[in-house]
Amino acid sequence: MRDLPPIEDRSSNFTAADKPTWDLYSTCIHCGLCLNHCPTYRELGVEMDSPRGRIYQVLQVDEGRLPLGDSFVTHIDRCLGCLACETACPSGVQYGRIVERARAQIEQNYQRGPLKGFVRWFFYEKVLRDFRVLSHVAMLMRFYQRSGLRTLARKSGILRVLRVADTEQLSPEIERTFFFNEIGKVIPAEGEHRGAVAFHAGCINHVAFSGLNHATVRLLSKNGFDVHIMANQQCCGALHAHAGKRSCARELAKSNIEAFQALGGKVEALITNAAGCGSMMKEYDDLLAEDQEFVAHAKNFSHMTRDVTEFLADKGLRSPNKRMNTRVTYQDPCHLAHAQRIRTAPRDLLRAAGAAIVELPNSDQCCGSAGTYNVAENELSMKILKRKMADVDSIAAQADVLATANVGCMLQLRAGVKANGLKLPVRHVVELLNDCY
C-alpha cells in the first residue's frame, strides 16, 4: 500500500473539505492486528466492519473505485469509534481521524432519509448547540418520566409498536435541578490553597448528571482548588465531530476557547469529568488546524485540558475524611483508555481512598455506548453490551460497585446491570471519591 502514488483529487469521490488524506490512511499496512480488538468485527466477523476493512473502503472511495453510497455509509456508521484499534496498531494509524473525516464526507455528500435527517439536524444543531433548547427538551422528558406517562407507555406496549422500547430504556433520568445556574460561578478552595482550575460541564451532564457535576466541583474544592465554572461555555462538540458535523464542532470549539481565554490565565488546567469530552477537547488543535486565527489558541487549549482523574492523580489526593472500604471493579471508558491513554489514574485514586480493586476481565473493551451509537445502532450495541455483561457477571460476586469515568458508559452499564438482574450499582469514580469527603 505504501508504494501507491498519491491520490489525485480529480478522481476522488470525496470533496475537498475534511477529506481523509493519504498521509492518514497510507500508514495502515493491513496487518490485521486490529481485528480482534474491534467490537464490530468480533460480533459480525465481516472484514468490511473492521478498522482495516473500513480504511480499505476509504481508499477505494478516494480513488473513485467505490461510490460514496449505501454500502460505504453502512460500514462507516457501524464503527463505534472506540479506538481500541489504535491501541493495538503497531504502525500508529490515527484511525479515529480517518473515520471522523469519512463521516464528514458522508454528511456533505450523502442524502439520508427525511426522518433520520430531521432527527440528526434537531439533535445536533438545535438541542446540543443551544442550552435553552436542551433545557426545554429535558423538562419535557422529565415530565414524561415522572408524570406516569412513561409507566403507561411501557405497559401499553406502544413503545414496542413504535420500535423504540429498547432505546427508551437507555434514556437518562432527568434530574430535578439542572446545572445551568452554576455557569459563571467560582467555587473557592477549602483548606490549604493549591491552585485554580476551570471546569467544563458538558451538555447532557447539565440535565441528567447535574449531581455528578456538583460532585466534581466539590471534590476539586475539597482538594484545595478554586473552581471557575467557565461562563459562556458550550457543548464540547464531540458528538458533532463523531457524526461528521465537523463545521458545527469547530464553532463550538471556538466558543469554548474564547470562554477559556476570558479567564485570563487564572487557571492551570481545564477539567472535564467525561472521557468523550476530554478526548475531543484535547484534539481541538487538529479540528482547527486550518484556522489561522485559532490554531495557536487551540493548541494551548488542548494542552491545558485534563480529565479530572488525570489531574487529581497527578496532584495527589488529599486525605479523605473517611476510607472507602469498598470492593470496586472498574470499566475503562474507551475515550479515556484508548484515546487519552489514561488507565492507572482512576484506579490509583480509588486505592488512595481505600478501595480494593477487583479487576474486570477485558475492562478496556467497549460497552457499546459510544455516544449516540446505542440509539443509532441499537441492535448491534446491545450485542456488544451482552459480551460486556458476561465479563461483569463473572466477577459480580466479588465487587460491591461497578465504577467508570464517562456518563455514556454509566447509562449503558446501568441498562446492562438491570437487564441481567445484577445487584451492582454503577457509579462514576468522582462520585465514589466525593462520598469520602
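This is a predicted model: local features need pLDDT of at least 70, side-chain atom pairs count only at pLDDT 80 or more; totals for chains, interfaces and linings use all residues.
Biologist: In what order do the five strands of the open sheet lie?

Modeller: The pairing in this sheet is mixed. Strand 1 (186-187) and strand 5 (305-307) stand at the edges with a single partner strand each, so one side of each has no neighbour in the sheet. Reading across, the order is 1-3-2-4-5.

Biologist: Which residue of strand 4 is the bridge partner of Phe199?

Modeller: Strand 2 also runs parallel to strand 4, with two bridges joining them. The partner of Phe199 there is Ile271.

Biologist: How many residues of strand 2 are buried?

Modeller: Side chains in a regular strand alternate between the two faces of the sheet. In strand 2, Gly195, Val197 and Phe199 are buried on one side, and Ala196 and Ala198 are buried on the other. The strand is largely enclosed by the rest of the structure, because the buried count is five of the five.

Biologist: What angle does helix 19 make with strand 5?

Modeller: Let's go back to the edge of the sheet: strand 5 has a single partner strand there. Helix 19 (residues 308-315) packs on the sheet and touches strand 2 (195-199), strand 3, strand 4 (270-272) and strand 5. Its direction and that of strand 5 make an angle of about 85 degrees.

Biologist: Is helix 6 mostly covered or mostly uncovered?

Modeller: Helix 6 (residues 95-109) reaches 21 Å from its first C-alpha to its last, close to the 21 Å expected. Its buried residues include Tyr95, Glu100, Arg101 and Arg103. With eleven of its 15 residues buried, helix 6 is mostly covered.

Biologist: Which helix gives the most to the lining of the second largest pocket?

Modeller: That pocket holds about 620 Å³ of space and is lined by 27 residues, with Gln169, Leu170, Leu411, Arg414 and Ala415 nearest its centre. Elements giving two or more residues to the lining include helix 13 (210-222), helix 23 (378-395) and helix 24 (407-419). The one that gives the most, with seven residues, is helix 24.

Terms used
Residues are numbered from 1 along each chain as its sequence is written. Side-chain values use heavy atoms; hydrogens and water are left out. Two strands pair if DSSP finds at least two bridges between them. Helices (H or I, at least four residues) and strands (E, at least two) are DSSP runs, numbered from the N terminus. Contact means heavy atoms within 4.5 Å. Axes are lines fitted to C-alpha atoms, for helices over the stretch in contact, and angles run from 0 to 180 degrees between N-to-C directions. The expected span of a helix is 1.5 Å times one less than its number of residues. Buried means under 20% relative accessible area, exposed over 50%, partly exposed in between (1.4 Å probe, protein chains only). On a 1 Å grid over the protein atoms alone, a cavity is a set of points where a 1.4 Å probe fits but cannot get out, and a pocket is an open set with protein on both sides within 12 Å along at least five of seven lines; lining residues have an atom within 4 Å of a point. Grid points are joined across faces, edges and corners, and a volume is the space filled by probe spheres set on the points.
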